[in-house]
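Hi everyone, thanks for coming along. I'd like to walk you through one model today, so please have a look at the screen while I talk.

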Amino acid sequence: VTFGLYKSAKTYLSLEQAFCIAAGVQFNGLPTMQGRVAYVCAEGDPKRILARVVALCEKHHKDPDEVLSPDRFNLIMSPVNLIQPDGRIGVDTLLKRLDDGRGPYQAIWLDTWAKMLAAFGGNDSDAESVMPAIMGCDRIRSALGCSVVIVAHVGVSEKAQDRPKGLSDLPGAVDGGTKCVKEGDGRNALFTFSAVIQRYASDDYVFTGRMIGAQPENSTLKFLTKIERARATLDPTQARMLEIAREFGEGFSVDRWRDAVLAANLWTVKKGAR
């Protein structure tokens, strides 16, 4: 499960994970096992979602016509009814569509959990909705032999933000979970992704990204190194101080750097106090 508050980059992260598997490229430096993926995206405008996948093709230097095909990346733009099997959006209908003899799937994403529950009139605070829907996810995993990733919202209260929205049941039903957190606003916002639900992996992971791109629909995540993460938290004055130090190159004295900072009016000295 991938979860977080509204606008915490859950879909951006999930689309890139799915893309990297489909395209056979590394995800943030981690190796992937290339294979077919299906992404059920029931939130957002289909054209904008498609534009995000095309932007990922540009980021990873891949041909959209090659990646966006049923043999690689199967993008589905309607929710799946995980309880009632028949009908246009029933889980059996989905399985028949995906089980097409073109090869096995590595993973399928359900984005978002609330939309999947709403497909049969349920909601994420009702145990009578959630637990049968989890069984529907198990059916998909068993039928396709792949991982199923749920994308879920969280509650707004601080205590509710460490688990998917509504129930304590869901974390116990999954093997791993990534929490998405947004810090800041606008194009300078930072997004932190951390493993907070893990059943099998022994080591935790945390990584940070920021959006690059002129518009939301063609933006992608740029994952930051630790040094880049530290720089991103600097205010403009601190950032300019760092630039001055870099302009000097290696081997400069602290006094020289201090004098340059004072000359740039970035730091003042009054009555012996700094």
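N265 sits in the segment after α10 (254-263), and its phi is near 60 degrees, a positive value in a residue other than glycine. We'll come back to that kind of backbone in a moment.

Before going on, a word on where this comes from. This is a predicted model, in which local features need pLDDT of at least 70 and side-chain atom pairs count only at pLDDT 80 or more, while totals for chains, interfaces and linings use all residues. Residues are numbered from 1 along each chain as its sequence is written, and side-chain values use heavy atoms, with hydrogens and water left out.

Now the overall picture. The protein has 10 helices and 9 strands; these are DSSP runs, H or I of at least four residues for helices and E of at least two for strands, numbered from the N terminus. Its C-alpha atoms fill a box of roughly 80 × 45 × 35 Å along the principal axes. Of the 274 residues, 41% are buried. Taking contacts (heavy atoms within 4.5 Å) with a separation of 6 or more, 59% are between residues 24 or more positions apart.

Rings of Phe, Tyr and Trp (its six-membered ring) pair if their centres lie within 6.5 Å; planes under 30 degrees apart are stacked, over 60 edge-to-face, and the rest tilted. That rule gives 7 aromatic pairs. One of them is F27 with F223, an edge-to-face pair at 5.3 Å centre to centre and 70 degrees between the planes. F27 lies in the loop between α1 (10-23) and β2 (36-41), and F223 in strand β9 (residues 220-224), so this pair ties together parts 196 residues apart in sequence. Both of these phenylalanines, F27 and F223, are buried.

Compare the pair Y39 and W109: the ring centres are 6.2 Å apart and the planes at 15 degrees, so this one is stacked. Y39 is in strand β2 and W109 in strand β4 (residues 105-111), 70 residues apart, so to speak a link between distant parts of the chain. Y39 is buried at 0% relative accessibility, and W109 is buried too, at 2%. Going back to F27 and F223, they belong to one aromatic cluster with F193, Y205 and F207.

There is also a charge and a ring to point out. The charged end of R52 sits over the ring of Y12, 4.0 Å from its centre; the rule asks for NZ of Lys or CZ of Arg within 6 Å of the ring centre and within 35 degrees of the ring normal.

What does E16 touch, leaving aside its neighbours within four places in sequence? E16 is in contact with F27, L56, K59, H60, L221 and F223. This glutamate lies in helix α1, and E16 counts as buried at 1% relative accessibility. M116, in helix α5, is buried with a relative accessible area of 0%. With the neighbours within four places again left aside, M116 is in contact with V40, A42, P79, V80, L82, L110 and D111.

Finally, the backbone, as promised. Most residues other than glycine have a negative phi, and most peptide bonds are trans. K7, not a glycine, has a positive phi of about 65 degrees. K7 is in the loop between β1 (2-4) and α1, and counts as exposed at 52% relative accessibility. The peptide bond from D111 to T112 is cis, with omega near 5 degrees, and T112 is in the loop between β4 and α5 (113-118). That's my tour, and I'm happy to go back to any view you like.

Note on methods:
Buried means under 20% relative accessible area, exposed over 50%, partly exposed in between (1.4 Å probe, protein chains only).
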